[in-house]
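User: Hi! Could you walk me through this structure?
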Amino acid sequence: QVQLVESGGGLVQAGGSLRLSCAASVEAFSSYTIAWFRQAPGKEREFVAAIKRGGVYRDSVKGRFTSSRDNARNTVYLQMNSLKPEDTAAYYCAGDQWGAGSQDPSDYEYWGRGTQVTVSS
């Protein structure tokens, strides 16, 4: 059974940085596209970034967020710099084997439970 576990969330001031991790218990990890989504209270879940070989990002985080992966550790990272209050949300990682970096959450079969990121102004 595939499990994804996020960590690294927390409270940070605007302009600060956090690094989220998504650890996967899965075989053939390199075959998975791993995406990050976020959901703020009262809002729909939205795509943030995805990585398989290269990274794909939503426009509002380009230049601030960077996703990377360590296939030897079955882990994907999301480095978040220059954080803004509007980045406040629960962040989820999601996995799609053989996927091509879809931005649609319904294309992802496996989900973590999320980690909260709060950015104070």
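Analyst: Happy to, starting with Glu46: its relative accessible area is 25%, so Glu46 is partly exposed. Buried means under 20%, exposed over 50% and partly exposed in between, with a 1.4 Å probe and protein chains only. This is a predicted model, where local features need pLDDT of at least 70, side-chain atom pairs count only at pLDDT 80 or more, and totals for chains, interfaces and linings use all residues. Residues are numbered from 1 along each chain as its sequence is written, and side-chain values use heavy atoms, leaving out hydrogens and water.

User: Which side chain does Arg58 pair with in a salt bridge?
Analyst: Glu46, with the closest N and O atoms 3.6 Å apart. A salt bridge here is a side-chain nitrogen of Lys or Arg within 4 Å of a carboxyl oxygen of Asp or Glu.

User: And what about Arg38, buried or exposed?
Analyst: Buried, because its relative accessibility is 6%. Arg38 also meets Glu46 in a salt bridge, at 2.7 Å from N to O.

User: How far apart are the closest N and O atoms of Asp87 and Arg64?
Analyst: They are 2.8 Å apart, in another salt bridge. Both Asp87 and Arg64 are buried.

User: Switching topic, how many helices and strands are there?
Analyst: Zero helices and 11 strands. These are DSSP runs numbered from the N terminus: helices are H or I with at least four residues, strands E with at least two.

User: How much of the protein is buried?
Analyst: Of its 121 residues, 46% count as buried.
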